[in-house]
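Thanks for passing this one along. Here are some notes to read with the structure open beside you.

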Amino acid sequence: MMHPILQAATSSTELGFPWWLQVTHLVNFLFLGLLVRSGWEILASHPRLYWRNDCGPDTEWLKFTKDKVPSEIGAFTARDDQRDLHPLISLPGRAKIGIGRAWHGLITTLWVLNGLIYVVLLFGTGQWRRLIPTSWSVFPEAWDSLKIYAGFGVPSIEHFQPYDALQQLMYTFVVFVLAPLMIVTGPVMSPAVVGRYPWYPKLFGGRQAARSLHFLGMAFFVVFAVMHVALVLLVHREHNLVHMMMGEEYDAALVGQAVTRVIVGVVVVVALWIAASYVSLIDVRKSQRVLYGLQAPIKKLVLNPMTSRQRARQVFTEDDISPFHWVNTRPPDLSQSPEWLALRDGGFRDFRLEVGGLVREPRSFSLDELREIAAQDQITMHTCMQGWTGIAKWSGIPLREVLAQVEPLEGADYVMIESFGTAQHMHDGRPVEPYYTVLTKAMAMEDETILAWGMNGAPLPEMYGAPLRLRTESMHGYKMVKWVRSVSWIHDYKEVGDGMGGTREDSGYQDMDARI
Ligand SMILES: Nc1nc2c(c(=O)[nH]1)N[C@H]1C(S)=C(S)[C@@H](COP(=O)(O)O)O[C@H]1N2
Ligand SMILES: [Mo]
């Protein structure tokens, strides 16, 4: 009988260190860095983490800002809370969150693909046998290794086949628990997924709990990566390097070349991480087009069929309404819209919603007239792409009922909603512009796309968009124009504004397709 350790050693030799193992590792290292850095960009736009969906003041369990949030609504906006990070740190840096989100989405797809290739080959080639523990003895053995490390010792080389019990446990955890955790919590950030499958976020304890778990997973990945690299370099370094870099069993003659390859590999990957930031910032519009363009087909395929059913399913009740609901951008002031201020002073009695554009005959409606056409209530969760959420009851008229009042002309393919108000801030530093958004026909006709005049049973407050605001529950908050002035059929969103589909798309570099 061969000693089990020796037996394992022989089978390990037979398994070798195939090239695909090295390639998938290197690609993984590159992608993880891009994911973590773009994740930081997103986190910096709302540097607070919660377990509860209402994100109220002092309900964070962790925050990366000293700012306190006053409970007075609008005193401190979500925009005021945004931080920017240096391009050396985050991807791309300088608070270009639209581009950060674009990178995050694109790389996620590629990272999952690389992971699938790795796992398929792992099982296809028998490599899994040395990675995945197959006996309970792995626990006491790992404990022994841990004790040795704790005494700043190093388990002897025979323990590594080529991985010791502790490594096996760790790697198995990272590949089969941690990575899947990131993959399953990611989609909970999408309003379309959460709106369409309301049971899904509940698996994780809610939308914010999933966001917090996603963050903790990232933290674990970072700690693991640092420890992993440190141990590779500290414990039997020469063996490891030859295995990893040369794909061969240890041979002293190969050490020099292995070390060179490590250094080159790390330098190239880190350079690519940083280059991704600076290259994206050279021409931000182009980055937006390219990065979102590349993932458009898969987004269309996977997300566009998902429309919110929070109303039909009665996902939330009055009890779920958030006591605090963040605000993004304050009502228009005198310089922005004297017109809106005059209407407000008259209690919006003179307000008329203009419905026009490419239509046979434009029309306008008072709030009372709109109420007579149709009314519906919906208790839904608002998700801002920055990361915060809030649950409220919205009352209003389905947009499709408004659109049914006019006859669109040939070539009217999109619906534009314009505001009396502006954005709080334009990301490219130009003066603030009137806020607008463009919806595809499908978005406009959704069941939970409404123009709301009421919030939580009262008239819509000024801060939240009085007299009318758009609610598009399958999409992020940036589509939901507040202080609505008009609805127009247009031919193409490329012909209005900067041609990107809305104010946040034009100047925040977000995607017109706001379902994730
Ligand atoms: N006119 C106008 N509407 C707007 C915005 C804006 O800046 N101006 N911000 C949007 C964004 S990014 C979000 S998240 C929601 C926030 O809605 P709330 O302030 O009612 O929570 O409003 C949207 N509507
Ligand atoms: Mo937002």
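This is a predicted model: local features need pLDDT of at least 70, side-chain atom pairs count only at pLDDT 80 or more; totals for chains, interfaces and linings use all residues.

1. Let's begin with the rings. The structure holds 20 aromatic pairs. One of them joins Phe-64 and Phe-215, whose ring centres are 5.8 Å apart with 55° between the planes, a tilted arrangement. Phe-64 belongs to the loop between strand S2 (60-63) and helix H3 (97-124), while Phe-215 belongs to helix H9 (residues 207-234), so this pair ties together parts that are 151 residues apart in sequence.

2. Stay with that pair for a moment and look at accessibility. Phe-64 is partly exposed, at 44% relative accessible area. Phe-215, on the other hand, has 14% relative accessibility and counts as buried, because the cut-off for buried is under 20%. Both rings also belong to one aromatic cluster, together with Trp-51 and Trp-61.

3. Two arginines are worth a look next. Arg-130 is placed over the face of Phe-17, 4.5 Å from the ring centre. Arg-371 has its charged end over the ring of Trp-453, at 5.2 Å from the centre of that ring.

4. Now for the nonpolar cores. In soluble globular proteins, nonpolar side chains tend to be buried together. The largest nonpolar core here has 42 residues, and the members touching the most others are Leu-353, Leu-399, Leu-451 and Leu-468. Leaving aside residues up to four places away in sequence, the contacts of Leu-468 include Phe-351, Leu-353, Leu-367, Leu-370 and Leu-451. Trp-453, the residue whose ring lies under the charged end of Arg-371, is also among the contacts of Leu-468.

5. Which strands form the open sheet, and in what order? There are five, arranged S4-S3-S12-S7-S8, and their pairing is mixed. Strand S4 (363-365) and strand S8 (434-440) are the edges, each pairing on one side only. From one strand to the next, the twist averages 20°. If you want a place to start tracing, Val-355 has Arg-363 in S4 as its bridge partner.

6. A few backbone details deserve a second look on your screen. Most residues other than glycine have a negative phi, and most peptide bonds are trans. The bond between Leu-91 and Pro-92 is cis, with omega about 0°, and Pro-92 is in the loop between S2 and H3. Phe-64 comes from that loop too. Another cis bond runs from Ala-466 to Pro-467, with omega near 5°. Pro-467 lies in the loop between strand S10 (458-459) and strand S11 (469-472).

7. Cys-55 lies in the loop between strand S1 (48-50) and S2, and its 0% relative accessibility makes it buried. Thr-329, also not a glycine, has a positive phi of about 75°. Thr-329 is in the loop between helix H12 (284-303) and helix H13 (338-345), and at 5% relative accessibility this threonine counts as buried.

Conventions: Residues are numbered from 1 along each chain as its sequence is written. Chains are lettered from A and ligands numbered from 1 in the order in which they are written. Side-chain values use heavy atoms; hydrogens and water are left out. Rings of Phe, Tyr and Trp (its six-membered ring) pair if their centres lie within 6.5 Å; planes under 30 degrees apart count as stacked, over 60 as edge-to-face and the rest as tilted. Helices (H or I, at least four residues) and strands (E, at least two) are DSSP runs, numbered from the N terminus. Buried means under 20% relative accessible area, exposed over 50%, partly exposed in between (1.4 Å probe, protein chains only). A charge sits over a ring if NZ of Lys or CZ of Arg is within 6 Å of the ring centre and within 35 degrees of the ring normal. A nonpolar core is a set of buried Ala, Val, Leu, Ile, Met, Phe, Trp, Tyr and Cys residues joined through side-chain atoms within 4.5 Å. Contact means heavy atoms within 4.5 Å. Two strands pair if DSSP finds at least two bridges between them. Axes are lines fitted to C-alpha atoms, for helices over the stretch in contact, and angles run from 0 to 180 degrees between N-to-C directions.
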